[in-house]
Amino acid sequence: MARHPKAASGPADRPNRSAPSGSADMPRHPKAPSGPADRPNRSAPSASSGPADVAGPQPRRTRSGRAGGSGAAPFRADPARRAAYDVLRAVADRDSFANLLLPAMLAERGLTGRDAAFATELTYGTLRGRGTYDAILAACSDRDQLDPPVLDVLRLGAHQLLATRVGHHAAVATSVDLVKDVCGPRPSGFVNAVLRRVATRDLEAWMAIVAPDRAQDPSGYLAVRHSHPRWIVDAFRDALGDAADAELEDALAAGNVRPDVVLAVTPGPSGLPEPAQAAGRTQWSPYGLRLTGGDPAPLVATGQAAVQDEASQLAALALTRVEPSDAASQDRLWLDLCAGPGGKARLLAGLAAARGARLVASDLRPHRARKVLRALRRARPGRASDGPGRGSDGPGRGSDGPSRGSDSPGRASDNAVVVADGLRVPWPPGTFDRVLADVPCSGLGSLRRRPEARWRKTPEGVRNLAGLQRGLLNAALDSVRPGGVVAYVTCSPHVAETREVVTDVADRRGDVTILDAPAVLAEVPGLRSPEPRFAQFWPHRHGTDAIFLALLRRE
Ligand SMILES: C[S@@+](CC[C@H](N)C(=O)[O-])C[C@H]1O[C@@H](n2cnc3c(N)ncnc32)[C@H](O)[C@@H]1O
């Protein structure tokens with residue numbers, strides 16, 4: 001049994017582990033007809049950005065639908081709601097990632113068009129709004145413990161009632177159908193009663209009842225209002241510093257808005273390709289395209305572009321803008337110390353090639369290194385295909401996989417991909433002219449992309465990464481030659497994995513100058529973090545992930 005919703009909104013205590021499952025265990029469902037909403041748009045704002053413009057299928061009038069061949073159990077719920085429910089369960093039970101599982105499930109079940117859009121809105125909206133909905137459901141239920149499947153049905157119902165245009169009757173009736181499908185008839189009366197109570201108020205009215213008093217408990221209020229764990233509210237406040245009073249609420253709200261798809265084109269002589277779909281240039285990155293609709297897959301398949309947030313592009317670009325202090329002597333060999341899956345490596349490889357330099361892209365995990373290899377090959381098919389290899393004759397000599405890290409990266413004939421532990425690097429100190437340390441982090445900067453992530457992360461998880469992050473930054477600084485430049489990057493604004501790591505490592509070493517990173521990206525406003533030499537992107541300021549960047553020169 002799950003805890004009562006009141007207690008169910010804290011972070012999960014499991015680490016991110018499993019990759020999303022394939023389709024083998026996905027139940028199949030017949031397609032249900034979708035219909036218009038039975039109610040016009042209501043004024044209730046969502047936990048994120050207003051009522052989602054989706055109506056969803058109506059409750060079924062007949063109960064004769066069957067799930068497949070003879071003998072299969074009858075399904076009352078429509079396939080879009082059932083798909084959303086199945087993703088929620090997989091997220092809870094198998095640590096699945098919704099953004100990876102849902103598209104596979106939609107394809108598996110043949111859900112397209114409005115059904116697919118509705119299933120997507122339900123899944124992401126419910127996962128994001130969980131903290132808010134659990135507080136409201138707790139006020140509408142007298143039970144301390146709920147079966148997790150029942151709780152997920154209630155969360156889906158609450159989302160429809162409070163943040164979409166689905167009519168009250170449809171939201172309640174389809175939730176009752178769903179719970180009968182997945183749990184049997186027993187909890188159906190309870191689900192009906194709780195959701196009818198939820199439907200008596202809109203979201204604003206519920207906030208006035210269930211959110212803590214803002215003056216007395218600002219973090220508690222914001223946690224419920226914007227559906228974030230309290231510790232993340234506090235972490236964002238710390239990261240914003242003096243700007244928190246004015247911006248914390250916007251920063252949290254931005255985590256509930258689905259971002260546009262942003263692409264990075266491959267740097268090269270041909271420049272930006274003309275986008276075929278609704279797309280525009282990104283504001284600051286010269287390599288960025290922002291898609292407001294359409295499918296990025298065709299452009300990605302050509303190798304001309306890859307999906308990459310604009311701030312990630314700019315962080316990689318920043319590393320290439322700082323001149324090594326004796327640039328006349330050399331700027332030939334660059335390192336990406338934690339390269340998988342290869343987003344920044346792809347960009348850096350293109351920029352390095354334009355200057356006659358080469359990139360060594362390294363990662364601890366072979367499967368991540370293989371992704372880097374594929375990314376580099378797709379981007380530069382002519383040159384990367386004869387690049388890295390497995391075996392003893394050095395990176396750049398083989399053809400079917402990344403090299404093990406016992407070889408000298410300097411022997412690569414072109415860019416190379418290496419499998420190596422960044423804490424025990426196989427190359428001599430001072431080998432590289434520029435090094436990117438895009439270290440493993442909590443990922444608190446990309447919550448808008450991973451709707452379930454905020455409930456899985458923990459303060460302990462952040463603390464546990466601190467030693468690795470310091471070790472990798474030290475390794476990056478050891479790997480760069482005197483005068484060379486290191487970029488330390490995280491997809492998190494948390495001070496324990498950003499400012500504290502960099503200042504701590506720099507203070508202990510004494511051979512490092514922290515450079516003015518915002519000045520290197522001077523075209524981007526609002527980048528200065530409370531420690532002004534560091535750059536901090538924010539979704540609410542820049543429309544990007546909350547990427548942190550520090551630039552350091554080895555003396
Ligand atoms: C934030 S991701 C890097 C993202 C990448 N730079 C990109 O833009 O696509 C961090 C990477 O560090 C790798 N990693 C973790 N521990 C490592 C270690 N000890 N040495 C090297 N790489 C490590 C992970 O496998 C992961 O691929």
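The dialogue below takes up a strand, its pairing and the ligand shell.

Tutor: Before anything else, note that this is a predicted model, in which local features need pLDDT of at least 70 and side-chain atom pairs count only at pLDDT 80 or more, while totals for chains, interfaces and linings use all residues. Residues are numbered from 1 along each chain as its sequence is written.

Student: Which way do the residues of strand 15 point?

Tutor: In a regular strand the side chains alternate between the two faces of the sheet. Here F548, A550, L552 and R554 point one way from strand 15, whereas L549, L551 and R553 point the other way. Strands are DSSP runs (E, at least two residues), numbered from the N terminus.

Student: Is strand 15 enclosed or open to the outside?

Tutor: A residue is buried if 20 or more other C-beta atoms lie within 10 Å of its own, exposed if 12 or fewer, and partly exposed in between, with C-beta atoms placed from the backbone. Seven of the seven residues of strand 15 (residues 548–554) are buried, so the strand is largely enclosed by the rest of the structure.

Student: Which strand is joined to strand 15 by six bridges?

Tutor: Two strands pair if DSSP finds at least two bridges between them. Strand 12 (residues 480–490) runs antiparallel to strand 15 and is joined to it by six bridges, with V489 having L549 as its bridge partner. Strand 13 (residues 512–514), also antiparallel to strand 15, is joined by three bridges, and V512 stands opposite R554.

Student: Which residues come nearest to the ligand?

Tutor: Of the 17 residues around the ligand (C-beta atom, placed from the backbone, within 6 Å), C338, G340, G343, G422 and D438 come nearest.

Key
Helices (H or I, at least four residues) and strands (E, at least two) are DSSP runs, numbered from the N terminus.
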